[in-house]
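Colleague: I am new to this structure and would like to go through a few of its local features with you.

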Amino acid sequence: MASSPDHASADHTPGNPESGSPSEAAGASGVTAGGDRRGRVRLRRAAVMAVPATVVAAGLAILTAQGALGVQFAISGMPFTVTATELNGTGFEQFGGLDNMADGSPNAGDTGGQVLVVTSAIKHATLTKLCQSVDLGGTNLLITAGGGAQKVSASDLTTDSTELSGDAAFENIEIGNDASTLDKANAKGPIGVFSQQADTVRIANLRQKNYATTAAVFKLPGLKLGFSDSGC
């Protein structure tokens, strides 16, 4: 972000607006027109600093929807398994990327702290009988939801995976797009990266090995969390 060339100084104050024209104000107060300009710059900067926290939160929501935060946060380096008997989505995109672990992560091994992933982005998704498990070494943290009448639903869902399997069907699929030009969901990949997108996606017997997930909204009816000897 470029900064303004007019830096405010504690030795200058803007002219009194009640003293007439800018030149008269400068003559009466001994401050030049440049000082008046600096005063206006200070007021603009003060206005920016006073932006309500709700606007900042809205900006973070937009970044999440675009997948930007998924690129920026450091992953733990511990993969987790996600399964569902069925996933249905509208607005589907898929492209390659890199996830990064925190510096010095004990999970880095010989990877250099980076994991090559496939990012799948879905504008609106529903999942039936969702299961998610993390192997903690001898036990699994297990989360289930959407096993009843209500399905799990998500908007602006992105998953970073190293493995994905199931029986898939797409409508109006485009294969070979530049990832920076995708427009079916609220995510874009790096320029020059191979990608694909479709109007709709259906995957039966979904199984993923993921390193990261983001969503603008994630609703989990019938949520259950606990520990188990076995994962999903």
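This is a predicted model: local features need pLDDT of at least 70, side-chain atom pairs count only at pLDDT 80 or more; totals for chains, interfaces and linings use all residues.

Colleague: Is Ser-161 buried or exposed?

Modeller: Buried means under 20% relative accessible area, exposed over 50% and partly exposed in between, with a 1.4 Å probe and protein chains only. Ser-161 has 3% relative accessibility, so Ser-161 counts as buried.

Colleague: Are the planes of the rings of Phe-92 and Phe-170 stacked, edge-to-face or tilted?

Modeller: Rings of Phe, Tyr and Trp (its six-membered ring) pair if their centres lie within 6.5 Å, and planes under 30 degrees apart count as stacked, over 60 as edge-to-face and the rest as tilted. The structure holds one aromatic pair. The ring centres of Phe-92 and Phe-170 are 5.4 Å apart and their planes are at 45 degrees, so the pair is tilted.

Colleague: Which residue is joined to Cys-131 by a disulfide?

Modeller: A disulfide is a pair of cysteine sulfur atoms within 2.5 Å, and the structure holds one. With an S to S distance of 2.0 Å, the disulfide partner of Cys-131 is Cys-232.

Colleague: What is the handedness of the disulfide of Cys-131 and Cys-232?

Modeller: The torsion about the S-S bond of Cys-131 and Cys-232 is about -85 degrees. Because of that torsion, the disulfide is left-handed.

Terms used. Residues are numbered from 1 along each chain as its sequence is written. Side-chain values use heavy atoms; hydrogens and water are left out.
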